[in-house]
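Morning, everyone. I have one model to walk through today, and I will keep it brisk.

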Amino acid sequence: MSHGLSAGAAGRPGIATPEGPTPTDEPSLIADPAHGEGPPRTVSADSVRRSSRRLGSLVAPALLFVVVIGTWEWLSQTGRLSRFVMPAPSGIGTATISLLGEAFFWEALRLTLVETVLGFIVGAGGGLILGVLIGEVKILRKTIYPYVVLFQSLPKVALAPIFVIWFGFGTVSKVVMAATIAFFPLLVNTLTGLDSVNKNAKMLFMGYGASRSLMFWKLSMPEILAAVMAGMKTAMTLALIGAIVAEFVGAQKGLGILLERFNFQLQMEMAFAVLMILALVGLLLYLIVDVIERKVIFWKGHPVE
Amino acid sequence: MGQQWGGESQLATTPDELGSAVLLNGVGKTYESLSGSVDAITGVSFDIADGEFVSLIGASGCGKSTVLKVIAGLIDHQIGDVTVLGEPARPGRREVGLMFQAPVLLPWRTVRQNMVLPFEIFGEPVDDTIRNRAAELLNMVGLSGFGDKHPWELSGGMRQRAALARLLVTQPSVFLMDEPLAALDELTRERLVFELAELCERMKQTVLYVTHNIAEAVILSDRVLVMSHHPGRVLAAVPVTLPRPRTVELVSSVEFAEIGQEIRRVLALADSEAAVQ
């Protein structure tokens, strides 16, 4: 393992200034940070340059968007593309606006969101707690972990029909499906995180006589947060998939049902509108977790070393 | 297993001498693996007098870190006795301070918060006395004004200075240092090695310093223990009779070169022995 210097440009000693330290009458470990080991230089100029570069990087995808949508619209308008296969972008736009005015749409959106978020909380929370227990308690790791691995290889969505039988056509079966599918990323990431807690830091804590619980709360827990939050991002997206799939299998309401119904009635513009809204919902949920991650893990990208 | 001193180098002190801060007597540690057992260290005997700076030098994988961890009580040994300040080695003693090759600073804590971590582990309230001491030490290691920075805002050398400040803040009587300068660039390392020498001279500090750098060992130590590998044992003790304070000028002296040569000679002996086995 290499430390310190591997931290990148910021960790490298700065350029030494010609003048030395202001002389003090204290002999001691005199160290003037300006002399060889300065702090990393400020990044304000860098960040300005970076944000303008980010703006520039939007040009290419925007151009692609215009070209693809333009071609698509042209193909539809000239009758080369059947509206039952791919409705025109303009048609989808109109359908989306009309959909947003419908009370049944908002009811469906509300229900699917509730299923997704509840499933996420139950599944991700359960995955985190079980991950910590398996990671920290040896006997649990030995007994439960093999079954976790076994169960993980099962395509979870295949359970949806069974969940409908067990928990009915209502909200519960959707929440259970979303939770089941959101559970594993948290479990796996928590376990991996606990396994890779810095060995030197563990030794330092042990050297000072830290108890296991103190070591968990002051070292392991903050250190696995990055892995946990990464798991949460995956889990949030998966929870939405779980809820939609469970709705497909058997439900009365929800965005999945809406999509299925429009599809069945060959209202393709409406179906695509729902699809687009689902994508936006997924993105929004992901971004919420992403913002929380940024706020919580302010040291992101800087592991214990 | 008895002592296995080699070469003409003398054993500076006998292990049962009174006033030893650290005392190892015939210490052996064996690792069990699937392919059988491996002797990490065997028959390691030496002592460190109160206020003495002792370096442990040897090739990578010779077990010098194992010796340090055994003394720190971080790993168990099967054979022999390890006494630290009159008591068998065990972890969690505040008289013993640890420092590693990596600074091991927690990135979610500021430098100051990292410094008071030991007291949180001890379960002691962080009062003004400790806070003031932390501030003084930050000043001493050249990090005044950096107390509220996070470790990742500091350079490698500054991070290791912060680790040194954390070691000092609990006022341990024995320092156990495992290659604390090995990860630094050459210029920073040279600065820090002389600063460390001066600090330990001033504090009359008892130190066990693990390194694979001959110059570092000679600059810092009163005595250099040379370890062989496979299995790791102490082959010779080379006394460093250079005057103190140790300064940069010392490095170009004939005596400095001679002591370095002697250490190289014993290290070569260790290599040839390992080759025979």
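Ground rules first. This is a predicted model, so I apply cut-offs: local features need pLDDT of at least 70, side-chain atom pairs count only at pLDDT 80 or more, and totals for chains, interfaces and linings use all residues. Residues are numbered from 1 along each chain as its sequence is written, while chains are lettered from A and ligands numbered from 1 in the order in which they are written.

Confidence. The predictor gives the complex an ipTM of 0.87 and a pTM of 0.80. pLDDT is the predictor's confidence in each residue, from 0 to 100. Chain B has a mean pLDDT of 89, and 93% of its residues reach 70 or more. Where is pLDDT under 50 in chain B? Over residues 1–17. For that stretch the model has 38 contacts beyond four places in sequence; a contact here is two residues whose C-beta atoms, placed from the backbone, lie within 7 Å.

Now chain A. It has 11 helices and 0 strands. Helices (H or I, at least four residues) and strands (E, at least two) are DSSP runs, numbered from the N terminus. The chain has 305 residues, and 34% of them are buried. Buried means 20 or more other C-beta atoms within 10 Å of the residue's own; exposed means 12 or fewer; partly exposed is in between; C-beta atoms are again placed from the backbone. Take contacts in chain A between residues at least 6 apart in sequence: 74% of them join residues at least 24 apart.

Chain B next, with its sheets. Strands count as paired if DSSP finds at least two bridges between them. One open sheet has 6 strands, in the order β6-β7-β8-β3-β9-β10, with mixed pairing. At its edges stand β6 (96–99) and β10 (233–239) of chain B; each has a single partner strand, so one side of each is left without a neighbour in the sheet. Neighbouring strands here are turned by 20 degrees against each other on average, direction ignored. Axes are lines fitted to C-alpha atoms, for helices over the stretch in contact, and angles run from 0 to 180 degrees between N-to-C directions.

Strand β9 (residues 223–228) of chain B pairs with β10(B) in the antiparallel sense, over 6 bridges. One of the partners: Arg223(B) bridges to Pro239(B) in β10(B). Helix α4 (residues 156–169) of chain B packs on this sheet. It touches β6 and β7 (174–178) of chain B, and its direction makes about 170 degrees with that of β6(B).

The other sheet is also open: 4 strands of chain B, β2-β1-β4-β5, antiparallel. Its edge strands are β2 (36–49) and β5 (87–88) of chain B, each pairing on one side only. Strand β1 (residues 20–33) of chain B is joined to β2(B) by 10 bridges. Leu23(B) has Asp47(B) in β2(B) as its bridge partner.

Last, the backbone. Most residues other than glycine have a negative phi, and most peptide bonds are trans. Which residues join through a cis peptide bond? Arg244(B) and Pro245(B), with omega about 0 degrees. Pro245(B) lies in the loop between β10 and α7 (254–276) of chain B.

Leu85(B) is not a glycine, yet its phi is positive, about 50 degrees. Its loop runs between β4 (79–84) and β5 of chain B. Leu85(B) is partly exposed, with 16 other C-beta atoms within 10 Å.
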